Amino acid sequence: MSSPAPARGRRGRRVPEGPRASFRQLLPFLLEHKRTLAVVAVLSVLGAAATLAQPLLVGEVISRVQNAVPLGALVWLLVGFVVLSSIISGFQHYLLQRTGTAVVYSSRKRLIARILRLPVSEFDARRTGDLVSRVGTDTTLLYAVLTQGFADAVGNALILIGAVIAMAFIDPLLLVLIIVVVGASLAVVVLLSTRIRSASAVQQAKVGELSSGVERAVGSIRTIRAAGATEREIAAVTETATAAYAAGVRIARVSALIVPIAFVALQVSLLVVLGVGGYRVASGAIDVASLVTFVIFLFLLVQPLASAIGAITSVNQALGALGRIQEVLDLPLEDDGDRVRASTPAGAVSQPQAPAATGDAVTARGSRATDAAAIEFRQVRFRYPDHVVKAREAAAKEARSVLADVHLDTGELPAETDHEVLRGVSFTVPRGSRVALVGPSGAGKSTILSLVERFYDPTDGSVLIDGVDARDRSRDELRARFGYVEQDAPTLAGTIADNLRLASPTASDADCERVLRAVNLGDVLERNPLGVDAPVGEDGVMLSGGERQRLAIARALLAAPPVLLLDESTSSLDGVNEQRMREAIDAVATDRTLLVIAHRLSTVVDSDLIVVLQDGRVVGQGTHSELVASTPLYRDLAKHQLLV
Ligand SMILES: Nc1ncnc2c1ncn2[C@@H]1O[C@H](COP(=O)(O)OP(=O)(O)OP(=O)(O)O)[C@@H](O)[C@H]1O
């Protein structure tokens, strides 16, 4: 793939063009349909023969009429060829459109499979809307490659060659004149086409940004309305739409140049043929029938040229889109790394292992490590990858500029993270225990859970799971041991049961009801006669914030993992909900290991161990009373929350 080259945008600013694909990268998509395309090619040959026969028959009809020779079945033969070539062209177009749709479908399938398997860092670094637009919009442009680009390519090439040969036989001089006129116009068109390609790459990139902008605005519509930032957001999103429009206008301008050039070429060629040809008929160099046949061949020659010129825009747009599709397809997948591959016998696929029961750990290589801690951090240091940090900073800068405009506090946005997020963190979560991570915002608590789940691997030090380095375990096997409830856990559109069965698709309704009651969500069942089949609405809008978090806990619980990782919601829960959350945590802590990030100390004061973090370091660990006595930061936190 060629590297992105900058192009000039409005007001002379340099607009990054984004990736561009080459024809070679289109091939795999086309080869998937090689049989159909072969049928299309055969039909093209037949169609071209039927088309090329027509001017010859017309010439013959004229000669016979001139010489008063009976026409016989000649006219019927001519009609037969016209009908045959129409039928062939109809069937061929159907096949091409079907294949075009199939190419869009297969590119979507590949993208979906790729995107959902990308490493978590890619999602941290990319904008969701842009990924969505690659699946939705960019893929549709591939359709044009077949329906307009390669439509009838073989037939057109044959018609072109056949027409040129026939014209050379009829009058070589006239042919040379036409080649000069048409060749000059073609050279200009090819030059213009590179500009179409760069403009369409910019256009697709802007459409991607547009989708991200709309997604962000729609996703935070409440905040935007409440902040009075609606107009500002409309302006920001519209600006991207305007940039896409500007690129579209550039394409239109260049395409518009192409049409008159083609028109002029045809007019000039016709004038040359009629002028020079007429003179040659008058001088007896050729007869009238030959001139008429020549003119019909000229029109046949124009048709493939015109469709090739018309295809230039759509094929160039498709190559721009394919560049963006290919960029995602070329991203590395989340893999287990060399260490797991080295320990897995060749050919063996690592399967997620059934969660081991509490107190019965199974290591990656099958040996039992009954005395090992469920989780142990040993001198773990971690820094987010550069591309993730840069992307977050860019997003934060954008958000800051929007908020600053409406005079909102920007303090909550992620600070610069060009530093180590964890700096030598060590702690142990014994099996069956309940351990809490506490500390100020940005201390690195959520990052610790990301390392346990292997969304990222430590930059230095190690994370041991049941006594084995997490990097020596396959991610699937590792994740099957944990139930993970992320902060402000998202609720999926669908029913309560859909949400619960995400990790345990075969769970019965009775199991679903059991876990719902375990997390104090029994009343949600009573609220709606549909019970577990009650819809939760887009983003769970039909549930309160506290209920959404407890639904996520119920989901984790249903999979019965030996270890539960819980990143408590930061949103303030009211007294009743907080009490319910405490009860839910108590219920899930029974019989399993629990590592919980607590924002309200009241939910964790009775933990077996509390680890206090500050600026990526452990500044104290112990029970609540030990920490109140030993760790000033903890004492302050506890004081603020009226716990001492
Ligand atoms: N995906 C990410 N990419 C880059 N930096 C990140 C990412 N996630 C978190 N950070 C940064 O890492 C640091 C630690 O963040 P983390 O979310 O782990 O803290 P936390 O203690 O869980 O905070 P909170 O209590 O606010 O959730 C912060 O400076 C944060 O901005």
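Buried means under 20% relative accessible area and exposed means over 50%, with partly exposed in between (1.4 Å probe, protein chains only). These legends describe a predicted model, in which local features need pLDDT of at least 70 and side-chain atom pairs count only at pLDDT 80 or more, while totals for chains, interfaces and linings use all residues. Residues are numbered from 1 along each chain as its sequence is written, and side-chain values use heavy atoms, with hydrogens and water left out.

**View 1. Arg517 pairs with Glu526 in a salt bridge.** The closest N and O atoms of the two side chains are 3.5 Å apart; a salt bridge here is a side-chain nitrogen of Lys or Arg within 4 Å of a carboxyl oxygen of Asp or Glu. Arg517 counts as partly exposed because its relative accessibility is 44%. Glu526, at 58%, counts as exposed. Elsewhere, salt bridges that share partners join Glu334, Glu453, Arg454, Asp457, Arg475 and Arg479 into one network.

**View 2. A salt bridge between Arg110 and Glu32 links distant parts of the chain.** How far apart are the N and O atoms where these side chains meet? The distance is 2.5 Å. Arg110 belongs to helix H3, whereas Glu32 sits in the loop between helix H1 (23-31) and helix H2 (34-66), and 78 residues separate the pair. Helices (H or I, at least four residues) and strands (E, at least two) are DSSP runs, numbered from the N terminus. Arg110 is partly exposed at 29% relative accessibility, and Glu32 is partly exposed at 40%. Side chains of opposite charge can pair when their charged atoms come close. The structure holds 26 salt bridges.

**View 3. Arg378 forms a salt bridge with Glu376.** In this pair, the closest N and O atoms are 3.0 Å apart. With a relative accessible area of 43%, Arg378 is partly exposed.

**View 4. Five residues make a nonpolar surface patch.** Val75, Trp76, Val79, Val83 and Ile87 contribute to this patch of about 510 Å². Patches are made of residues with over 30% relative accessible area and no salt bridge; like charges are joined within 9 Å, and nonpolar side chains (Val, Leu, Ile, Met, Phe, Trp, Tyr) within 5 Å. The accessible areas come from the Shrake-Rupley method with a 1.4 Å probe, and for residues only the protein chains shown count as cover. Val75 is found in helix H3 (residues 74-115), and its relative accessibility of 36% is why it counts as partly exposed. An α-helix has 3.6 residues a turn, so residues three or four places apart point the same way.

**View 5. Helix H13 is mostly covered.** Which residues of H13 are buried? They are Lys445, Thr447, Ile448, Leu449, Ser450, Leu451 and Val452, that is, seven of the eight residues in this helix, which spans residues 445-452. Arg454 follows H13 and has a positive phi, near 55°.

**View 6. Six residues line the second largest cavity.** The lining consists of Ile496, Leu521, Val524, Leu543, Glu547 and Leu551. A cavity is a set of points, on a 1 Å grid over the protein atoms alone, where a 1.4 Å probe fits but cannot get out; lining residues have an atom within 4 Å of a point. The space inside is about 30 Å³, and the structure holds two cavities of 30 Å³ or more. Grid points are joined across faces, edges and corners, and a volume is the space filled by probe spheres set on the points. Five of the lining residues are nonpolar, none is polar and one is charged. In this scheme Ala, Val, Leu, Ile, Met, Phe, Trp, Tyr, Cys and Pro count as nonpolar, Asp, Glu, Lys and Arg as charged, and the others, Gly among them, as polar.

**View 7. Ala68 and Ala560 have positive phi values.** Phi of Ala68 is near 55°, and this residue lies in the loop between H2 and H3. Ala68 is exposed, with a relative accessible area of 69%. For Ala560, phi is near 50°. Ala560 sits in the loop between helix H18 (545-558) and strand E9 (563-567), where it is partly exposed at 45% relative accessibility.

Notes: 1 Å grid on protein atoms, 1.4 Å probe; cavity = no way out; pocket = protein on both sides within 12 Å on 5 of 7 lines; lining within 4 Å.
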